[in-house]
Amino acid sequence: MKIGELLEKTGWNMITDGVSTERTVEGAYCGDLLSWVMGNGEPGQAWITVQVHMNIVAVAQLREFSCILIADGANVSPEVRAKAAEEGLPMIETELSEFETARKLIELGI
């Protein structure tokens, strides 16, 4: 499923301006311990996390994630949003918990 379609079906908010929504989400990885995510995430996955510091952009780029889903309404600073946009990395926010976010992706067939 393309990120644009995911946004349409969920109503979640893209928080990185000017970033393409044409990437395909090929699965999901849920985790907040960055070293664990770096060792276990797979390219093409949507990364579900509540981490909001600058290092999430680097980890997402390293693992070639399709996007970062910021769960639980965690507040991402303008600096982190700008860095993600600069890297062309879609960052999406939702008020759902990580569990509920993952469940929604499963319901959508991801």
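A salt bridge here is a side-chain nitrogen of Lys or Arg within 4 Å of a carboxyl oxygen of Asp or Glu. By that rule, K83, E86 and E87 are linked in a network of salt bridges, and a search of the whole structure finds 5 salt bridges. This is a predicted model, in which local features need pLDDT of at least 70 and side-chain atom pairs count only at pLDDT 80 or more, while totals for chains, interfaces and linings use all residues. Residues are numbered from 1 along each chain as its sequence is written, and side-chain values use heavy atoms, with hydrogens and water left out.

- K83 meets E86 at 3.3 Å, N to O, and E87 with the closest N and O atoms 3.2 Å apart.
- K83 and E86 sit 3 residues apart, about one turn, in helix 4 (residues 78–86); helices are DSSP runs of H or I, at least four residues, numbered from the N terminus.
- E86 is exposed at 59% relative accessible area, whereas K83 is partly exposed at 29% (buried is under 20%, exposed over 50%, partly exposed in between, with a 1.4 Å probe and protein chains only).
- E87 is partly exposed too, at 32%.

**A pair in helix 5**
- E100 and R103 form a salt bridge with closest N and O atoms 2.8 Å apart.
- Both lie in helix 5 (residues 98–107), 3 residues apart.
- E100 is partly exposed at 28%, and so is R103 at 41%.

**Cysteines**
- With a disulfide taken as a pair of cysteine sulfur atoms within 2.5 Å, the count is 0.
- The sulfur of C30 is too far from the closest cysteine sulfur, in C67, for a bond, because the two are 13 Å apart.
- C67 is buried at 0% relative accessible area, whereas C30 is partly exposed at 41%.

How values were computed
Helix = DSSP H or I, 4+ residues; strand = E, 2+ residues; numbered from the N terminus.
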